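I opened the model today and noted what I looked up. The entries follow in the order I made them.

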Amino acid sequence: MNPVLAEIYSTIIPSAPYIIAAYALMWAALLIYVFMIVRGLKKTEAQMSILEEQVAELRAQNK
């Protein structure tokens with residue numbers, strides 16, 4: 001193997017577990033964030049549909 005490559009690999013390989021862990025942590029944080037956003041969106045959509053039904057009932061009563 002080329003001595004330059006051997007030196008580069010010797011500096012990179014020992015830190016590989018930390019890099020892999022950092023990427024895994026970032027992906028986990030991103031997935032959790034997206035899950036929370038989707039859950040909040042579904043909750044908001046349910047509240048909007050209830051509100052629309054109540055507005056329709058109020059309009060029907062006022063006519």
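How many of the 63 residues of the protein chain count as buried? I found 0%; buried means under 20% relative accessible area, exposed over 50% and partly exposed in between, with a 1.4 Å probe and protein chains only.

I noted the ground rules. This is a predicted model, with pLDDT of at least 70 needed for local features and 80 or more for side-chain atom pairs, while totals for chains, interfaces and linings use all residues. Residues are numbered from 1 along each chain as its sequence is written, and side-chain values use heavy atoms, leaving out hydrogens and water.

Fold next. I counted 2 helices and 0 strands in the protein chain; these are DSSP runs, H or I of at least four residues for helices and E of at least two for strands, numbered from the N terminus. The radius of gyration is 27 Å, well over the 11 Å of the globule rule for 63 residues, so the chain is more spread out than a compact globule. I took that radius over C-alpha atoms, the rule being 2.2 Å times the number of residues to the power 0.38. The C-alpha trace spans about 85 × 15 × 10 Å along its principal axes.

Then I went to helix H2, residues 16-62, where I found Ser49. Ser49 is partly exposed at 33% relative accessibility. Its C-alpha atom lies 32 Å from that of Ala28, 21 residues apart along the chain.

Val34 is also in helix H2. I logged Val34 as partly exposed, with a relative accessible area of 42%.
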